[in-house]
Amino acid sequence: MNKSRLTCLAGMLLSLLRLKQVNLTQLALAFSSEATPQSRYRRLQRFFAEVVFNYDHIAQLIMSLFDFEANGYYLALDRTNWQWGKTNINFLTLAVVYQGVAIPVYWLVLNKQGNSNQRERICLINRFIKQFGTNNIKGILGDREFIGGEWWSWLTEHEIPFFIRVKQNQCLNVPHHQPLSDFFRDLTVGQLRCLRKPRLVGQTSVYLSALRLETGELLIVASNMTCANLMDIYALRWQIEHLFQCLKGRGFHFEDMHLTHYFRIKKMMALLAIALAWAHKVGEWQHKRVKPLVIKKHGRLEKSFFRYGLDYLTESLLHYQTDSLRHLRLLLLLFLTPNEISPSNKKRLLS
């Protein structure tokens with residue numbers, strides 16, 4: 001991007017953090033410029049219509065901000081959708097599970113209603129592994145939508161573990177097509193069972209675990225690897241639900257976006273991904289260096305790192321406190337150049 005477009009991107013990012021809104025009309029009002037609000041609005045419209053994003057570079061920026069590779073990471077795959085007028089907005093998102101909220105890395109805007117198909121999922125994962133490889137992937141987490149013989153076979157062929165929920169009426173690939181629920185029908189509420197031998201579901205041999213929920217429903221999880229804590233690993237999937245909450249009502253009100261064009265919606269998601277990553281990093285910094293969050297009686301922090309960081313950024317931008325703005329400039333420097341500052345200088349700056 002040239003200087004003008006980079007300035008526009010930075011201005012939108014700061015406006016987004018001020019207002020926690022994605023509506024371009026509102027962003028234009030908070031956009032720092034001497035131009036009229038109408039001119040600012042037209043500038044934002046031109047940005048989304050004309051600028052081309054390199055999504056691989058955005059993914060590399062986001063991955064570089066977090067120490068994912070040190071211990072490996074789980075990837076969560078999920079979809080969120082809503083309707084604006086007669087337009088269905090349907091997002092398939094791949095995110096890295098991290099400290100209570102999944103961090104989005106790649107996404108597809110599906111030009112249709114309903115579930116993703118196996119080809120779309122493979123395309124999304126394949127784009128990720130072309131950039132970051134498979135060595136650090138500890139597993140793929142997905143809900144009941146993400147089943148399918150071709151998809152599971154592709155993951156197994158690439159030696160990528162998966163932990164995916166399956167339907168109770170899913171059948172084994174045996175002559176009598178025995179439903180999976182038959183193996184767990186005697187479980188009581190809260191009881192867990194793991195089958196020691198793999199079973200053939202479709203064309204893939206998988207290990208099965210099940211938990212009886214309080215509603216009486218069975219939570220059955222399939223994996224292509226044996227694992228003693230399979231259900232605990234699958235529980236990490238809820239973090240992508242938290243991501244969608246952060247993008248929507250608890251954060252940036254994504255559903256208030258009035259964009260309907262495929263490529264413009266995808267660009268807005270890129271802006272949100274950068275803002276969410278920045279807010280999360282600021283929340284971590286606040287917790288470690290400024291004021292630690294209180295741990296409640298239930299064992300969880302009083303608020304998420306994302307919320308902690310977002311509130312700090314919003315307050316700093318709205319009230320222009322000298323100390324806050326100094327911290328903000330420092331954090332922006334560390335955010336934008338994570339690999340260009342030596343560990344000793346970074347430690348000195350944060351002290």
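Helix α1 (residues 3-19) packs against α9 at an angle of about 60 degrees, and the two axes lie 10 Å apart. That angle makes α1 oblique to α9, and the crossing of α1 past α9 is right-handed. The structure described here is a predicted model.

**Contacts of α1**

On the α1 side, the contact with α9 is formed by L9, M12, L13, L14, L16 and L17. These residues meet L271, L272, I274, A275 and W278 in α9. By class, the residues of the contact of α1 with α9 divide into eleven nonpolar, no polar and no charged.

Helix α1 also packs against helix α3 (residues 37-50), at an angle of about 110 degrees and with the axes 11 Å apart. The two helices α1 and α3 are therefore roughly perpendicular to each other, and their crossing is left-handed. From α1, the residues S4, R5, T7, C8, L9 and M12 take part in this contact, and from α3 the residues R43, L44, F47, F48 and E50. The contact of α1 with α3 has six nonpolar, two polar and three charged residues.

Helix α9 covers residues 262-290, which amounts to 29 residues. From first C-alpha to last, α9 reaches 41 Å, close to the 42 Å expected at 1.5 Å a residue. Of the 29 residues of α9, 21 are buried, so this helix is largely enclosed by the rest of the structure.

Two packed helices are described by the angle between their axes and the distance between the axes. For α9 and α10, the axes come within 6 Å and cross at roughly 95 degrees. Helices α9 and α10 are therefore roughly perpendicular to each other. The α9 side of the contact consists of L276, W278, A279, H280, V282, G283, E284, W285, Q286 and H287. In α10, the residues that they meet are F305, F306, Y308, G309, L310, Y312 and L313. The residues of the contact of α9 with α10 divide into eleven nonpolar, five polar and one charged.

| Helix pair | Angle between axes | Axis separation |
|---|---|---|
| α1 and α9 | about 60 degrees | 10 Å |
| α1 and α3 | about 110 degrees | 11 Å |
| α9 and α10 | roughly 95 degrees | within 6 Å |

Helix α8 (residues 238-247) is mostly covered, with seven of its ten residues buried. These buried residues are Q239, I240, H242, L243, F244, C246 and L247. The elements that cover them include β1 (73-84), β2 (87-98), β3 (101-109), α9 and α10 (305-319).

Helix α5 (residues 118-132) has 15 residues, which should span 21 Å at 1.5 Å a residue; the end C-alpha atoms are 21 Å apart, in agreement with that value. The buried residues of α5 are E120, R121, I122, L124, I125, F128, I129 and F132. Against them pack α4 (55-65), β1, β2, β3, β4 (137-142) and α6 (149-157).

**Individual residues**

Two residues other than glycine carry a positive phi. Q99 has a positive phi of about 50 degrees although it is not a glycine, and its place is in the loop between β2 and β3. At 43% relative accessibility, Q99 counts as partly exposed. For H253, phi is near 55 degrees, again a positive value in a residue other than glycine. H253 is found in the loop between α8 and α9 and counts as partly exposed at 28% relative accessibility.

S223 lies in strand β9 (residues 218-223). With a relative accessible area of 0%, S223 is buried. Leaving aside residues up to four places away in sequence, S223 touches F162, F163, V206, Y207 and L230. S223 and L313 are 90 residues apart along the chain, and their C-alpha atoms are separated by 40 Å.

T215 lies in the loop between β8 (204-212) and β9. At 66% relative accessibility, which is over the 50% cut-off, T215 counts as exposed. T215 and V189 are 26 residues apart in sequence and 8.2 Å apart in space, C-alpha to C-alpha.

Note on methods
Residues numbered from 1 in each chain as written. Predicted model: local features only at pLDDT ≥ 70, side-chain atom pairs only at ≥ 80, totals over all residues. Heavy atoms only, no water. Helix = DSSP H or I, 4+ residues; strand = E, 2+ residues; numbered from the N terminus. Expected span 1.5 Å × (residues − 1). Buried < 20%, exposed > 50% of the residue type's maximum accessible area, 1.4 Å probe, protein only. Axes fitted to C-alpha atoms, helices over the stretch in contact; angles between N-to-C directions. Parallel < 35°, antiparallel > 145°, perpendicular 65-115°, else oblique. Left-handed = near helix turned anticlockwise from the far one by under 90°. Contact = heavy atoms within 4.5 Å. Nonpolar A, V, L, I, M, F, W, Y, C, P; charged D, E, K, R; others polar.
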